Amino acid sequence: MDDAELTAIRQARLAELQKNAANPSSSSGGAGGAGGNGGALDSALAQILEPSARERLSRVRIVRPERAQQVEQYILQLYRNGAINRKLTEQDIVQILDGLSRDSNQKQSSKIIFDRKPTDLDNDLEDDDDDFFD
C-alpha cells in the first residue's frame, strides 16, 4: 500500500472511532447517559468551545469517554451559571482536565493511621528500672 491509501484508512478509522465515542448509546458497551439530548449538547458545546478545544475534548473522548463526559457536564454547569463569558480554549480544557484528575487522585488516596493501645507488655519493655537491687 502506498502512503495515500494508508492515510485514507487512518482517517476513516479515526472518524469511526470519534463517531462511536460521540454516540456511546449505539455501541453495545456504552453507558448511554446522553440519550436524546446529544444534539443539543453538541450545539451548546459548539457555542462555548473553540475548534481546538472541541478537538482536544474529542481526543479525550476516544481514550476516556467518562472523563470527557465529566468535562462536558462541568462546562455546561458553568455555562448555565453564567460563569463563562468567552469561548473556552484548548488550554482551558487542559486546566479542567488537570483539576478533575487532581480531584480524583485525592478521592483515591487514603491515609491509614495505626494507633495501637498500650498493653502491659509495652510497659514492661519500657521500664528501665532495675528492680532486682532495690
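Me: What span should the 16 residues of helix 4 (residues 65-80) have, and how far apart are its end C-alpha atoms?
Reply: At 1.5 Å a residue, helix 4 should span 22 Å, and its end C-alpha atoms are 22 Å apart, which agrees. The expected span is 1.5 Å times one less than the number of residues. Helices here are DSSP runs (H or I, at least four residues), numbered from the N terminus.

Me: Before we go on, what are the ground rules for this one?
Reply: This is a predicted model, so local features need pLDDT of at least 70 and side-chain atom pairs count only at pLDDT 80 or more, while totals for chains, interfaces and linings use all residues. Residues are numbered from 1 along each chain as its sequence is written, and side-chain values use heavy atoms, with hydrogens and water left out.

Me: What is the mean pLDDT of the protein?
Reply: The mean is 77, and 75% of the residues reach 70 or more. pLDDT is the predictor's confidence in each residue, from 0 to 100.

Me: Where is confidence lowest, and where is it highest?
Reply: The lowest is helix 6 (residues 120-126), with a mean of 61, and the highest is helix 3 (residues 51-63), at 92.

Me: Over which residues does pLDDT stay under 50?
Reply: That is residues 26-35, for which the model has three contacts beyond four places in sequence. A contact means heavy atoms within 4.5 Å. Where pLDDT is low, the predicted coordinates should not be read in detail.

Me: Back to helix 4. Which of its residues are buried?
Reply: R67, A68, V71, E72, I75 and L76 are buried. Buried means under 20% relative accessible area, exposed over 50%, and partly exposed in between (1.4 Å probe, protein chains only).

Me: And what do the buried residues of helix 4 pack against?
Reply: They pack against helix 2 (38-48), helix 3 and helix 5.

Me: What follows helix 4?
Reply: G82 does, and its phi is positive, near 80 degrees.

Me: New topic: how many salt bridges does a search of the whole structure find?
Reply: The search finds six. A salt bridge is a side-chain nitrogen of Lys or Arg within 4 Å of a carboxyl oxygen of Asp or Glu.

Me: What about R59 and E90, how do their side chains meet?
Reply: They meet in a salt bridge, at 3.5 Å from N to O. R59 lies in helix 3 and E90 in helix 5, so the pair ties together parts that are 31 residues apart in sequence. R59 is partly exposed at 36% relative accessible area, and E90 is partly exposed at 25%.

Me: Which residues are linked with R59 and E90 in a network of salt bridges?
Reply: E55 and R56 are linked with them in that network.

Me: And D92, which residue does it form a salt bridge with?
Reply: D92 pairs with R86, the closest N and O atoms being 2.9 Å apart. D92 lies in helix 5 (residues 90-108).

Me: Is D92 buried or exposed?
Reply: D92 is buried, with a relative accessible area of 12%, whereas R86 counts as partly exposed at 48%. Leaving aside neighbours within four places in sequence, D92 is in contact with R86 and K87.

Terms used
Helix = DSSP H or I, 4+ residues; strand = E, 2+ residues; numbered from the N terminus.
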